[in-house]
Amino acid sequence: MEEEIEKLGAEIMELSRNMLLVDHRFLDAAISKLSLSQSDKTETFMTDGKTLYYAPLHVLRLYKAEKDSVAGRYLHIVLHCVLCHSFVGKKIDRLRWDLACDIAVESLINELGTKGVLPSVKNEHGNIISVLKR
C-alpha cells in the first residue's frame, strides 16, 4: 500500500509540473530547476532551493479534494524561489517576512490566473490583497 501511495504521489507531482510548464512557459527554467523528492513529513511541501519535498499521502489528499490544487502549491513554492524569499538577513522578523512573502506570492498567482486556486480562496485572497494595496 505504501509503495502505491508513493508511486501515485510521484505521478501527481509530475502531472502538476507538466501542467505548470504548459500554462506558464515563461517559468520553465525555474519550474524545471527544482528536483522532486518524497518527504517523510505528513502534510507539507517545502524546498531548500534545489529540491521540492512533498509528502505523497498529502499530495493524494489534496488531489482528491481539488485536482489542480497540487499545481497551485507547486507554483507557490517555485515563485518563492524566483523571488528569492529565503534569502533574508538575521535581523529580519521572520514571521512577518514569511507572511509578507506569502501575500506577495498569492497576489502574483491570482494575477496570473493560475489553475489550482480554488474560487473561494481566490476571492478571499483578492479581498485581502485589495485592502493591503490601498
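Predicted model: local features only at pLDDT ≥ 70, side-chain atom pairs only at ≥ 80, totals over all residues.
The protein chain contains six helices and three strands. Along the sequence, these elements are arranged in the pattern α-α-β-β-β-α-α-α-α. The chain has 134 residues, of which 34% count as buried. Among contacts in the protein chain between residues at least 6 apart in sequence, 49% join residues that are at least 24 apart.

The buried part of helix 3 was examined next. Helix 3 spans residues 56-65, and P56, H58, V59, L60 and L62 in this helix are buried. These buried residues pack against both helices and strands: helix 1 (2-23) and helix 4 on the one hand, and strand 1 (35-38), strand 2 (45-47) and strand 3 (51-54) on the other.

Helix 4 also takes part in a crossing with helix 5. The crossing of the two helices is right-handed. On the side of helix 4, the contact involves G72, L75, H76, L79 and H80, and these residues meet C101, D102, V105, E106, L108 and I109 of helix 5. By residue class, the contact of helix 4 with helix 5 consists of six nonpolar, three polar and two charged residues.

Salt bridges were then considered. Side chains of opposite charge can pair when their charged atoms come close. A search of the whole structure finds two such salt bridges. In one of these, R96 pairs with D93, and the closest N and O atoms are 2.6 Å apart. R96 has a relative accessibility of 63% and therefore counts as exposed, since the cut-off for this class is over 50%. D93, by contrast, has a relative accessibility of 36%, so D93 counts as partly exposed. The other salt bridge joins the side chains of D98 and R94, with an N to O distance of 3.5 Å. D98 and R94 lie four residues apart in helix 5 and are therefore separated by about one helical turn. With a relative accessibility of 33%, D98 counts as partly exposed. R94 likewise counts as partly exposed, at 41% relative accessibility.

Two residues in the loop between strand 1 and strand 2 were also examined. S39 lies in this loop. Its relative accessibility is 13%, and S39 therefore counts as buried, the limit for that class being under 20%. When residues up to four places away in sequence are not counted, S39 touches M46, Y53, Y54, A55 and P56.

Leaving aside residues up to four places away in sequence, K41 touches M46 and A55. K41 and H58 are 17 residues apart in sequence, and their C-alpha atoms are 9.1 Å apart in space.

Notes:
Residues numbered from 1 in each chain as written. Heavy atoms only, no water. Left-handed = near helix turned anticlockwise from the far one by under 90°. Contact = heavy atoms within 4.5 Å. Nonpolar A, V, L, I, M, F, W, Y, C, P; charged D, E, K, R; others polar. Salt bridge = Lys/Arg side-chain N within 4 Å of Asp/Glu carboxyl O. Buried < 20%, exposed > 50% of the residue type's maximum accessible area, 1.4 Å probe, protein only.
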